Amino acid sequence: MKALIIGCGIAGPVTAMALREVGIDAEIYEAYARGADDVGSFLNVASNGLAALRVLDAHHEVLKAGIPTPRMVMWSGTGKRLGEVANGLELDDGTVSHTILRSDLYRIVRDEAERRGIPITYGKRLTFYDEKPDAVTAVFKDGSRATGDLLIACDGVHSRTRTVLDPQAPSPRYSGLYGFGGIVAEAGLAGEPGTYHMVFGKRAFFGYTVAASGETWWFANLPRKLGDVPADWKPVLVDAFKRDANAFADLIRRSDVGPGLPIYDLPELPTWHRGRVLLTGDSAHATSPSSGQGASLAIEDAIVLARCLRESGDHEEAFKRFESERRPRAERVVAYSRTISNSKAAGPIVRVIRDLMMPFFLKKSAGQESLAWMYRYQVSL
């Protein structure tokens, strides 16, 4: 059996590696002409995602490149400490969630896939696919084609595969937030390594962690009308934080602030698969970054898909089993993450109520056991 993997982000290489583990050949086709070695800021790989990577023995370099970040402390824009919550749960070997540059995570899983003999072809933007009873053929923009037994979509929140599979599928849903991120040497912000500080400011949300090296890794979420893009984002961000009781406005002044990226998630999709074609990762259930679970869900998907294909009599049964197992979990994470994103875009009245209620919420509802459904989820081949 041969699988065509559409997309070489994080999900594509991991899915290809998982399929190889169960005896399915996989080839990856990437739309862009070259790899995304320098694309993106940083992201969280939660402990459940690392546990899934461990199934493939592909976690070692991720741990080396990342920053252990097992805790999150919440603050108001006035400087009030609102509470603390775990960022993942410690695995049996002591591994905790890690923050890693997206470019590093991408490079690590891509290079590992290539090391295991998985072909990756760039400049192959899917336009359509043609399915026959015994095969499926991907048709690319340059006129070339590739034929296999399965076509697995790993092409992200704006998936072309999803549009071809179901032209009536709901579009990605704008969260109301633009995202930014950066790294500053010796920023002077207080914080012990391993702790995220999450600040619900008066006009925007700010998060940061201090690495053992002294670098500060920061991100910001700014409520903004979609498409309202200034010529220069830096003064807009500085203005958003200058009324808060912290030094974030000064930190942003000293940072390289790139283009803001609108943050999307996906509403529930009616169709995850049809025939020999399956959506996985962000193409099926994109979540906002607020849960820190996007990459982890995609990695979990890869392992579960490989197991379902190994244990099932045919691909249709496997895809049904995959959706049955993954849909409830993925949609719960998307909903949870959207709730957090909505709190970041709160207006002045809701903001006051949020800051008053959050300490009670964190104490009662955000403890380790209440989040076990998200972090203790274990996958296996």
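Predicted model: local features only at pLDDT ≥ 70, side-chain atom pairs only at ≥ 80, totals over all residues.
Student: Which residues of helix 4 are called buried?

Tutor: Buried means under 20% relative accessible area. In helix 4 that label goes to Ser103, Asp104, Leu105, Tyr106, Ile108, Val109, Arg110, Glu112 and Ala113.

Student: What do the buried residues of helix 4 pack against?

Tutor: Their partners include helix 1 (11-21), helix 3 (60-65) and helix 9 (294-311). Strand 3 (42-45), strand 7 (98-101) and strand 8 (120-121) are also on the list.

Student: What comes just after helix 4?

Tutor: Gly117, which takes a positive phi of about 90°.

Student: Why is Ala138 called buried?

Tutor: The cut-off is under 20% relative accessible area. Ala138 has 0%, so Ala138 is buried. Ala138 sits in strand 10, residues 135-140.

Student: What makes Leu4 a contact of Ala138, given that they are 134 residues apart in sequence?

Tutor: Contact means heavy atoms within 4.5 Å, and Leu4 is among the residues in contact with Ala138. Other contacts of Ala138 include Ile6, Phe128, Tyr129 and Leu151.

Student: Which residues does Val236 touch, leaving out those up to four places away in sequence?

Tutor: Val236, in helix 6 (residues 233-241), touches Leu222, Arg224 and Pro230. Val236 and Leu222 are 14 residues apart in sequence, and their C-alpha atoms are 9.3 Å apart.

Student: How do you know that the protein chain agrees with a compact globule?

Tutor: The globule rule is 2.2 Å times the number of residues to the power 0.38. With 381 residues, this puts the radius of gyration near 21 Å; the protein chain has 21 Å, so the two agree. The C-alpha trace spans about 65 × 45 × 35 Å along its principal axes.

Student: What share of the protein chain is buried?

Tutor: By the same cut-off of under 20% relative accessible area, buried residues make up 57% of the 381. Of the contacts between residues at least 6 apart in sequence, 71% join residues at least 24 apart.

Technical notes:
Residues numbered from 1 in each chain as written. Heavy atoms only, no water. Buried < 20%, exposed > 50% of the residue type's maximum accessible area, 1.4 Å probe, protein only. Helix = DSSP H or I, 4+ residues; strand = E, 2+ residues; numbered from the N terminus.
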